[in-house]
Amino acid sequence: MTSNAKVKCLCACLGLTLAAFFLGGCASFSWQSAGSDLPVLDQESMHSDTPQAIDKELQQRFVKKSEAAKAMFSHNGDGRLVLHHKYGTTILPDQPKRVVVIGMEDPMVALGAPMVAAHDRPDSYLHEALSAQGVDNVYINDSTNTINLEQVQAEKPDFIILRDSYDRNAYVALSKIALVAAFDLQDAETSLLAIAITLGQPERGDERLRQYYDVVKQARLAIKSRIGNSSVALVRVLKKEIRLYPYPGNAINRFMYDLLNLYPPPLAVAMGNSKNMALSLEAIPDFQCDYILVSCGYGMSSGENNEAAQCRYESLQAAPLWQHVPAVREGHVKEVDSVVWNSHGIIAKEAVIKELRDWLAP
């Protein structure tokens, strides 16, 4: 944080009690301190962490993801491969030469697939790989999710691969430039296989996914042999609230529980599939957790908001209640890179899994 930002932070917090700081901009849980009444995950229901059990589990997962990817395709009357996606259908081209990628850079880099242009940023975890490949940058306004269509058109693409989080208007506009195939980046494993099929390289998709599962297996064996069923949680500090990501989790932290088989704290189990993830001050006494990961901020291109989030985290660290959380008392709290942890895709997940392994099983 810059010196000016620190001054702003101190001024913003001056004269406020910690309770007011937490509750002034945050939604709170519907329960008060519940203690032992919180639901606890039955440890016997968790997966086994033997090498043989993990191999069997990941093979079953591979089959499921493979079937899901194949279900996205059909053949038309001419025998052409057709992709079914969020916006409709696309008859896929044979061996496209000039591919533009918007939002699906992670799986494309993971596959080693060629592209002439993509959305790139100097602060992206993919920047080095995209630069080495000589990929042109397509500017996107992160605040409005507006794509620079003139840049896309200037690349003269014969195929566009798009993340399906963009609205239909973006898809329609891009479709006037070239054929567009859309994929769900949050379902990283299925999309990886589906893109490989789209590009006529299904074997490469299978190989890359198995490489990812090997990373998962080795990290899981190392971490669980070190911490066993100690609880692990992800907390995200934002400008106006502090979030505890729940069990079984969303797209950001689901891998922690369904792939690494980490044990969740009772408060995360109690949240279940609730969309309200705000962690209020009165809920902190129930936050009995052994290891806590803290993602502070919004990621790329959010300078002022990131500084405000850092200010909030500094206030959280000073709160007496926070000091009573087991993980905090034991020094088992790690602040992580919000850019990578808030990203989706195989490469992003491999990076955060490595970070977890280096921390929990050095």
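**Figure 1. Helices H3 and H8 cross in a right-handed sense.** A crossing is termed right-handed if the near helix is turned clockwise from the far one by less than a right angle, and left-handed if anticlockwise. The structure is a predicted model, in which local features need pLDDT of at least 70 and side-chain atom pairs count only at pLDDT 80 or more, whereas totals for chains, interfaces and linings use all residues. Residues are numbered from 1 along each chain as its sequence is written, and side-chain values use heavy atoms, with hydrogens and water left out. Two packed helices are described by the angle between their axes and the distance between the axes. The axes of H3 (residues 51-70) and H8 (residues 188-198) come within 8 Å and cross at roughly 50°. H3 is therefore oblique to H8 (under 35 degrees is roughly parallel, over 145 roughly antiparallel, 65 to 115 roughly perpendicular, and the rest oblique). Axes are lines fitted to C-alpha atoms, for helices over the stretch in contact, with angles from 0 to 180 degrees between N-to-C directions. Helices (H or I, at least four residues) and strands (E, at least two) are DSSP runs numbered from the N terminus.

**Figure 2. Residues of H3 in contact with residues of H8.** From H3, Arg61, Lys65, Ser66, Ala68, Ala69 and Lys70 take part; from H8, Glu189, Thr190, Leu193, Ala194 and Ile197. Contact denotes heavy atoms within 4.5 Å. By class, the contact comprises five nonpolar, two polar and four charged residues (Ala, Val, Leu, Ile, Met, Phe, Trp, Tyr, Cys and Pro are nonpolar; Asp, Glu, Lys and Arg are charged; the others, Gly among them, are polar).

**Figure 3. The salt bridge between Glu57 and Arg220.** The N to O distance of this pair is 2.9 Å. Glu57 belongs to helix H3 and Arg220 to helix H9 (residues 202-227), so that distant parts of the chain, 163 residues apart, are linked. Both residues are buried (buried is under 20% relative accessible area, exposed over 50%, and partly exposed in between, with a 1.4 Å probe and protein chains only). A salt bridge is a side-chain nitrogen of Lys or Arg within 4 Å of a carboxyl oxygen of Asp or Glu; the structure holds 15 of them.

**Figure 4. The salt bridge between Arg121 and Asp142.** The closest N and O atoms are 3.1 Å apart. Arg121 lies in the loop between strand E5 (117-118) and helix H5 (127-132), and Asp142 in the loop between strand E7 (140-141) and strand E8 (146-147), so the bridge ties together parts 21 residues apart in sequence. Arg121 is buried at 19% relative accessible area, whereas Asp142 is partly exposed at 37%.

**Figure 5. The salt bridge between Arg243 and Glu241.** Their closest N and O atoms lie 2.4 Å apart. Arg243 is partly exposed at 23% relative accessibility, while Glu241 is buried at 18%. Elsewhere, salt bridges with shared partners join Asp49, Glu57, Arg220 and Lys224 into one network.

Figure 6. Ile227 is buried, with 8% relative accessibility. Leaving aside residues up to four places away in sequence, Ile227 touches Val232, Leu262, Tyr291 and Leu360.
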